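Hi there,

I have a structure to pass on to you, and I would be glad if you could take a look. You will find it just below, followed by my notes.

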Amino acid sequence: MRRLLPAFIPLLLCAAPPPLLAEDLLQIYDLAVVSDPSLREAEQTLFATREAKPQARSLLLPSLSLQGDATFYDTETRTATIDRQDRFDTQSVKAVVKQSLFNRANWMTLQQADNIIAQAEADYRNTQIELMVKTTEAYFDVLRAADAVTVREALVRADERQLEQSRQRFEVGLVAITDVNESQASYDKSRADLITARNQLDNAWEALRTIVGPISVPLARLGDKLPLSPPEPNDIEAWAGAAIRSNYGILAALESVNAAKASIEIERSGHLPKLDLQAGYDISRSDAINGQDTDSSFVGLSVSVPVFQGGVVTSRTREAGYKYRAAQDRLDQVRRRVDQLAKDAFRGILSSIEDVKARQAAIVSARSALESTQAGLEVGTRTQVDVLNAQRSLFEAEYNYMSARYDYIINGVKLHQATSTLSREVLAKGNAWLDPNNSVPPPAN
């Protein structure tokens with residue numbers, strides 16, 4: 001009669017299916033692609049950065065400028081023999097075509113634009129992958145928090161039954177009042193833990209909504225079958241090496257180094273002469289009495305040789321050199337972080353596999369321990385505290401088992417993140433393990 005928990009939590013998790021199928025991970029990710037502001041920001045940043053190429057190219061192309069002037073004059077001339085007032089207009093129009101023949105800084109800027117755009121492309125790809133990781137973590141955080149609520153609700157029910165039984169046993173003189181007090185304390189603690197768990201579940205939903213928007217749909221839980229397999233190849237150094245070669249964060253940092261190196265040459269070009277070709281046509285008209293109408297054209301070369309500019313070119317060159325070395329250091333930092341991410345995720349997968357298996361065994365052991373403790377309570381060899389502790393251990397073992405399964409999936413996603421091989425197809429493999437008929441309902445508010 002008092003053996004309360006042979007399969008309590010699995011029954012709670014496999015409750016009656018909702019009337020509508022739940023949203024799975026891929027559907028939530030598709031919402032995130034449309035709604036996430038960080039991805040849209042990265043996309044617009046990429047579009048803006050791509051404009052660096054036509055802007056740099058424009059420095060090497062001819063430029064045409066038109067200039068027009070119209071002036072009204074009201075003059076008064078007074079001498080010993082002349083007293084005259086003149087009013088007249090003058091108009092002039094000038095068209096000038098300018099072509100840079102030699103400006104090393106402009107050519108280097110054009111080459112640098114390729115590095116800047118390549119960096120933005122890699123940053124955008126990295127943001128796309130980060131969105132997949134964020135969405136996956138937020139999705140399973142909701143499931144994890146929902147499991148915690150389920151466990152706490154089950155524990156409250158079990159503690160409530162234990163409290164009722166303790167009171168009944170106390171009334172017939174089978175136990176002391178201390179057993180009732182201990183059951184009451186355990187029940188009160190379970191209720192407080194349940195309040196905290198429900199708040200954490202609401203927070204997990206809000207974290208997901210910051211990515212996908214104000215959704216209010218049920219989420220599919222993880223099914224019972226979860227194939228556990230190590231990474232292929234099962235070689236941590238192979239995965240770390242692949243991450244160093246292909247991670248978009250590293251590629252972006254490398255292009256940043258190349259762009260910073262080009263900046264040195266751009267600033268150093270301030271010491272070199274510049275050669276421009278100019279050609280134009282000038283039309284001038286005047287209504288003055290002695291005015292002249294002129295039409296003139298010109299072609300000429302303009303050479304600018306910097307001699308001394310107060311040391312600004314040298315200073316800017318040094319500044320670019322410092323930024324170049326800083327970019328190299330950032331690249332080194334990114335490489336180390338990616339190497340750590342790949343190795344941590346790889347070890348996390350192997351650890352999660354063993355953890356899931358160990359948690360399964362722990363559930364069996366905890367259930368057996370609870371049954372033995374309850375039997376001991378019947379014959380007087382165990383106390384009410386022992387039963388409460390064994391009961392709590394079983395529920396914790398159930399929760400830890402479910403949490404370890406989520407860790408296995410998330411570590412797999414992070415390993416693909418490190419190598420920048422994470423894609424919708426990779427998410428689809430994990431999505432296949434979800435059960436849309438068993439869901440986590442959205443919060444009421």
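Here is what turned up, going from the whole chain down to single residues.

Please keep in mind that this is a predicted model.

**The chain as a whole**

The protein chain contains 11 helices and 6 strands. Its radius of gyration is 38 Å, whereas a compact globule of 445 residues would come out near 22 Å. Along the principal axes, the C-alpha atoms take up a box of roughly 140 × 55 × 40 Å. Of the 445 residues, 41% are buried. Contacts also reach across the sequence: counting those between residues at least 6 apart, 83% link residues that are at least 24 apart.

**Helix 2 against helix 6**

On the helix 2 side, the contact is made by Ile28, Leu31, Ala32 and Ser35, and they meet Leu208, Ile211 and Val212 of helix 6. By type, the residues of this contact are 6 nonpolar and 1 polar, with no charged ones.

**Aromatic rings**

How many aromatic pairs does the structure hold? There are 4. One of them joins Tyr139 and Phe140 in an edge-to-face arrangement, with 5.4 Å from centre to centre and 75° between the planes. The edge-to-face label applies because the angle between planes is over 60 degrees. Tyr139 is buried, since its relative accessibility is 0%, and Phe140, also at 0%, is buried as well. Together with Tyr406, Tyr139 and Phe140 make up one aromatic cluster.

**Two backbone details**

The peptide bond between Glu232 and Pro233 is cis, with omega at about 5°. To find Pro233, go to the loop between strand 3 (219-222) and helix 7 (236-246).

The other detail concerns Ser420, a residue other than glycine that has a positive phi, near 55°. Ser420 sits in the loop that runs between helix 10 (384-418) and helix 11 (424-431). Is Ser420 buried or exposed? Ser420 has a relative accessible area of 12%, and because the limit for buried is under 20%, Ser420 counts as buried.

Happy to go through any of this with you.

Best wishes

Methods: Residues numbered from 1 in each chain as written. Predicted model: local features only at pLDDT ≥ 70, side-chain atom pairs only at ≥ 80, totals over all residues. Heavy atoms only, no water. Phe/Tyr/Trp six-rings, centres within 6.5 Å; stacked < 30°, edge-to-face > 60°. Buried < 20%, exposed > 50% of the residue type's maximum accessible area, 1.4 Å probe, protein only. Contact = heavy atoms within 4.5 Å. Helix = DSSP H or I, 4+ residues; strand = E, 2+ residues; numbered from the N terminus. Nonpolar A, V, L, I, M, F, W, Y, C, P; charged D, E, K, R; others polar. Rg over C-alpha atoms; globule rule 2.2 N^0.38 Å.
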